[in-house]
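User: I would like to learn how to read a structure feature by feature. Please take me through this one.

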Amino acid sequence: DLIFNIRDGSIYYWDRTNGITTRAVELSSLDSNAPTVARGVLVSDRDRHVLAFGCNPVGSTTQDKLLIRFSSQENATDWLPSATNTAGDLVVGSGSQIVSVTETRREVFILTDNSAHSLQFIGPPFTFGFALVSMGVKALNINSVVSVGDRVFWMDTENFFVYSGQIQAIPCTVLRYVFDDINLTQKIKFFAGSNRMFDEVFWFYCTADSDDIDRYVKFNYADNTWDIGSLSRTAWVDFSLH
C-alpha cells in the first residue's frame with residue numbers, strides 16, 4: 001500500500017489489493033477523522049503508525065503547521081483517539097511551522113523554522129515521546145534533509161549540519177563556493193540525497209544565474225571530504241531502495 005500527500009494538501013491512500021488500475025483516494029474518504037491537509041506524511045517503521053505533520057486537528061479543517069497527528073498502530077484509517085487505540089497528537093512547542101521531517105533507525109527528526117526536535121516511540125499510554133534537541137537551527141526546505149542510518153544531514157541558507165544525537169555544523173572546504181553563488185529564491189527546488197555505497201550525501205541546487213538546478217555539492221562522511229560539480233537533476237533514488 002502507498003500513503004502520500006501533496007505538500008500542504010490532501011493525504012492519499014492506495015490499496016494494492018485493488019490492483020494497479022485503481023487510483024488512490026483521499027484518506028479522509030476512508031476515515032472522516034483523518035487529516036485533510038498536511039505538510040508531510042510518513043510511516044514510522046519501528047512501530048507502524050502513520051504520522052501527519054503540519055495538519056488539521058480533529059473536528060477542524062484549519063491547518064496547524066506545528067501539529068503532529070498519528071493514526072492507531074498498523075491502521076492507516078483509524079485517526080480518532082480513544083481508550084482502545086493508539087491514535088493521538090502532539091504540538092511542536094517552538095517555531096511557526098514544521099519545515100522537514102526525516103526518519104532514522106531510532107527516531108523521527110523534526111526541523112521547524114527555528115528549532116530541532118526528536119520524536120520517539122515509547123509505547124502506551126503516551127505512544128510517542130517528544131524532546132527539544134536545539135533552538136536556532138532550521139532546514140532550507142522540506143527536501144534539503146537526508147538520513148543515513150542514525151545520522152541526519154541537512155542544508156540551511158548558509159551552512160551544512162549533521163545530527164547524530166547532537167547537532168554540529170559540518171566543516172566545509174567549499175562553503176563560500178556554494179553560498180556565494182546560489183539562487184535562494186528557487187530554494188524549494190533544492191534537494192538532498194544519499195549514495196550509501198560510496199558513503200556520500202549531496203545537495204542539488206540552483207546557482208545565482210539559474211532558476212533550475214544546475215549544480216551539486218557532495219560530502220563524503222567516511223573521510224570528511226567535499227566535492228562539487230555541475231549537473232542538472234531533479235530526482236534521486238539511492239541504490240538501497242530495494
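User: Is Asp 8 buried, partly exposed or exposed?

Analyst: Buried means under 20% relative accessible area, exposed over 50%, and partly exposed in between (1.4 Å probe, protein chains only). Asp 8 counts as partly exposed because its relative accessibility is 31%. Before going on, note that this is a predicted model, in which local features need pLDDT of at least 70 and side-chain atom pairs count only at pLDDT 80 or more, while totals for chains, interfaces and linings use all residues. Residues are numbered from 1 along each chain as its sequence is written, and side-chain values use heavy atoms, with hydrogens and water left out.

User: With which residue does Asp 8 form a salt bridge?

Analyst: A salt bridge is a side-chain nitrogen of Lys or Arg within 4 Å of a carboxyl oxygen of Asp or Glu. Asp 8 pairs with Arg 39, and their closest N and O atoms are 2.7 Å apart. Asp 8 sits in the loop between strand 1 (2–5) and strand 2 (11–14), and Arg 39 in the loop between strand 3 (25–26) and strand 4 (40–44), so the pair ties together parts 31 residues apart in sequence. Helices (H or I, at least four residues) and strands (E, at least two) are DSSP runs, numbered from the N terminus. Arg 39 is buried, because its relative accessible area is 10%.

User: How many salt bridges does a search of the whole structure find?

Analyst: The search gives 10. One of them joins Glu 200 in strand 17 to Lys 218 in strand 18, 18 residues apart, with an N to O distance of 3.7 Å. Both Glu 200 and Lys 218 are buried.

User: Which residues are linked in a network of salt bridges?

Analyst: The network consists of Arg 105, Arg 106, Glu 107 and Asp 150. Within it, the closest N and O atoms of Arg 106 and Glu 107 are 3.6 Å apart. Arg 106 is partly exposed at 38% relative accessible area, whereas Glu 107 is buried at 5%.

User: How do strand 10 and strand 11 run, parallel or antiparallel?

Analyst: Two strands pair if DSSP finds at least two bridges between them. Strand 10 (residues 115–123) and strand 11 (residues 127–135) are antiparallel and joined by 8 bridges. Ala 116 has Ser 134 as its bridge partner in strand 11, and Ser 118 has Ala 131.

User: How many residues are in the largest nonpolar core?

Analyst: A nonpolar core is a set of buried Ala, Val, Leu, Ile, Met, Phe, Trp, Tyr and Cys residues joined through side-chain atoms within 4.5 Å. The largest one has 29 residues, and Phe 153, Phe 160, Val 178, Trp 203 and Trp 226 have the most contacts inside it. Strand 17 gives the largest share, 5 residues. Another core, of 12 residues, lies apart from it and includes Leu 42, Leu 66, Ile 68 and Leu 119.

User: What does Gln 186 touch?

Analyst: Contact means heavy atoms within 4.5 Å. Not counting residues up to four places away in sequence, Gln 186 touches Cys 206, Ser 210 and Asp 211. Gln 186 lies in the loop between helix 1 (175–179) and strand 16, and counts as buried because its relative accessibility is 18%.
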